[in-house]
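The following exercises are intended for a reader who is new to this structure. Each task is followed by a worked solution in steps.

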Amino acid sequence: MQNEEFIQDFIDEATTGIETIEAGLLNLNGDNDISDNIHAIFRAIHSIKGTAGFFGLKKIVELAHAMENVLGEIRNNKMAVNNNIIDILLTSNDCLRFMVDNVKESENVTIQEHLNKLAGLLDAKKTSDMQTDRAQNVQAAESFKAAETESKLSDSSIRVNVSLLNGLLNLASEMVLGRNQLLRSMEAHRKNIPGIDPILQNIDRITTELQEKVMQTRMQPVANIFNRFPRVIRDLAKQLNKNVQLYMEGTEVELDKSIIEALSEPLTHLIRNAVDHGIELPAVREKAGKSVTGRVMLKAYHEGGHVNIDVSDDGAGINIEIIKQKAIEKGFVTAADLLAMKEQEILRMLFKQGFSTADNVSDISGRGVGLDVVAANIAKLGGTVEVYTELGKGTIFRLILPLTLAIIPSLIVEVKGHKFALPQVNLQKVVRVKSGDSSKRIEFINNAEVLRLRNKLLPIIHLEDIIGVCSVDNNKLKANREDSSTDRITRILVIRTGSKRFGLAVDRIYDEEEILVKPLPKYLKNCICYSGVTILGDGKTAMILDVDGIASFTRMEFMEEPTGNTEEQSVEYTENNKSMRKLLIFKCSANEILAMDMSMVSRVEKIECSEIEKIGDKEYIKYLDGSLRVIRPEDYLPINKEPLTRNHLYVIIPKLRTSLIGILATEIRDTLEVEVHQNEASIKSRGLSGSAIINHRITLFLDVNELVEMAEKTKCDYKGAEVV
Amino acid sequence: MNGKILTFILNHHIFGVDITVVKEINRNVEYTPVPQANEHIAGLFNMRGQIVTLMDLEKLFGYHQNHKSLKTSCLILKPEAGETDIVGFLIDKPGDVVDIKEEWCELPPANVSSLEGKYLRELVKLDDKLVMILDVQKIIQVQ
């Protein structure tokens, strides 16, 4: 056999050719003008034949020659295309592909069957073919010319080894770092060296452009994978006796090469599912009033920095009731769980391991492995899968993918002098917790630290514990944190991965940076908290955090699917009367003790009595460049009123959605975190939500909203009176 | 073995490695420690865009590190064919390239029982000193 390298070139070229042939053959079906198409096919098969002949691959030459004969007849409009011809050509093409893939064994492949069939086509044609049309020949020759010019255009692309591209990418990013260092060190001398400025700018611009261009070389159109699906659909439809037409949109959308490659398996699976489970048999479709031919749509499009790929069908849709039934059967959920679950959550169970709704296990799909693999593969790429379905109308599977794997936007954070990169995909928001900010305070449940964020409790993980920078025992650590939390700002990254949500506390947060992901060296494979390495702008390396790894490292047990019912959960939390609450305890003129939830308090100000000004029957103070109405709870609540004896007061400014109003208190006694057994029955009034015994005293709970409403009501009444 | 070895000094001992496995020697590397990594992994550094894993042989050999010397020199090994991860050893000081002959070499004596004995290929008796030749393969396979 000849030179290995040349053989490899032949295989690459022939594979492309075979793909062209297949795509072309599938298109011959349509009513559209086939002449361009047939020329492309003919050229491809011809060049395969030629090169194979050069290498002495006789069998390939023989088969290619037979195919060429048939195609030649079609090209010259001497043979009408029909499904039978296309089928035969397709199977021959498959055989050709097999031989090319196994070039060394190609001489041992039996091709006689294909040769016979192809020859049969020609024989059948000869009997019916006696007349040739001159005009047709002329036309064919013309279009052949057109096709040739096109082929010259396609010569402007060349094949490049991927490892070369990867090397180029490495160098380009290194060049960017070099440029950054150069610019930094030249900064001081810019003025001293005449003419250096434009040179630096030039280098700056060119480097940026260079990197962009190199990145582009890795991008490939999704057509590269989409194009194999017409065949898949055709074969499947035939096998299942269904009529299916595939529509493709956005085939020009580009994705990183590595993503394109990894997409092939999940997409094939979804397509198979769509045809097998989605599209109904023609008779069923007719009965349902749909067109007999089912529609499967593959659509790629950009959306918000991601690329979405929709695989949709207009088939039967997914019956949610069946999913529910199966889920219970398989013990994934209980009937009670299901009641609380939203449709999307139920659909998401399709992606669980061992879940298959197909009633019959078929050859094509429905072995109970599948969608979970699809979801896992997509997740590996940093993407997600969504399902939308309507019974009787169809189903959409939506893959949401990052544009490129190699470069990801991420946040650079620091803990104890170590810098880390956190992929932005996982980051929901950043929270700074200062002392005294009651709405999102850090609290401790035994030794577990949680953050109260929008009425939800978020477990907090300290990155420094994870990476084991310090190993103090837990209690000491807790004491430290509780202590220092009074004068320290804690920066918490709110992280979501799948259904898990947690807060990651770090020391410092730097900039966002687009980082180039490099694989983790194998010596670090035991560190599950990292997903890769990157080189930062200063040329140093930083580890990329793997939030899933962190979550499993801490061995936290996350509640599954908290997405939909968190609202209910939080309501439950406050309605449960026996609960830990953080309270502000204060007094108003007399001895009754009042309390309100810290979560309702925006701030507390100390004022002099003389600051209160009376306007009409209302009282105001100056507050933040404006006036603030203040109310005395004793005016509205059934509590005792006593004349003021002090010359300073406190204004509690509650958090209210609508109005700004202050509540006057004579004494702030305490802020407490207590377990409250609230009693709503014994002392009841508007403006009070109940009472409880706290520190052996009866404490009344203010219902701030109601109180403010009462205060504003009097204002309205007053206005109304004026109008009358 | 016959051939050239590159010697280096680590913790006052003289070590040697077969020069054919050495890619280059770097001085003044700034490496980044990796928390949570195995103890003998000193950290990573960026060598012209490639990530190099640096190993701390002192830790691996169980030497007592009473002074926290900040090593900045390292010896980068050639990756084997098909291997993408590059490994380097932190060293105190690079030494010379020495021609050695088979007859000067000896297997580590039985009483070299310390940890490093596991990673030695042989000892070379030069006129004025003993050089411990490392079994690089064994070292980079430590997990």
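**Exercise 1.** Which residues does T389(A) touch, not counting residues up to four places away in sequence?

*Conventions.* The model is predicted, so that local features need pLDDT of at least 70 and side-chain atom pairs count only at pLDDT 80 or more, while totals for chains, interfaces and linings use all residues. Residues are numbered from 1 along each chain as its sequence is written, chains are lettered from A and ligands numbered from 1 in the order in which they are written, and side-chain values use heavy atoms, with hydrogens and water left out.

*Solution.* 
Step 1. Apply the contact criterion, heavy atoms within 4.5 Å. T389(A) then touches G317(A), I318(A), E343(A), L347(A), G394(A) and T395(A), residues up to four places away in sequence not being counted.

Step 2. Locate the residue. T389(A) belongs to strand 6 of chain A, residues 384–390; helices (H or I, at least four residues) and strands (E, at least two) are DSSP runs, numbered from the N terminus.

Step 3. Examine the polar contacts, which are pairs of N or O atoms within 3.5 Å; within protein, one must be able to donate a hydrogen and the other to accept it, and residues adjacent in sequence count only if both atoms are side-chain atoms. The T389(A) side chain reaches the backbone nitrogen of I318(A) at 2.8 Å. A polar atom of that side chain also lies 3.3 Å from the backbone oxygen of G394(A).

**Exercise 2.** Describe how chain B meets chain A.

*Solution.* 
Step 1. Count the residues: 23 of chain B are in contact with 25 of chain A.

Step 2. State the buried area, which is the accessible area (1.4 Å probe) that two parts lose on being put together, summed over both. The two chains bury about 2100 Å² between them, with 56% of it on carbon and sulfur atoms. In chain B, P35(B), Q36(B) and I51(B) lose the most area to chain A, together 30% of what that side buries.

Step 3. Look for a salt bridge, a side-chain nitrogen of Lys or Arg within 4 Å of a carboxyl oxygen of Asp or Glu. The count between the chains is one, and K540(A) and E30(B) form a salt bridge through their side chains at 3.3 Å, N to O.

Step 4. Strand 4 (41–47) and strand 5 (50–55) of chain B each supply at least two residues of the side that touches chain A. The largest share of that side, four residues, comes from strand 4 of chain B.
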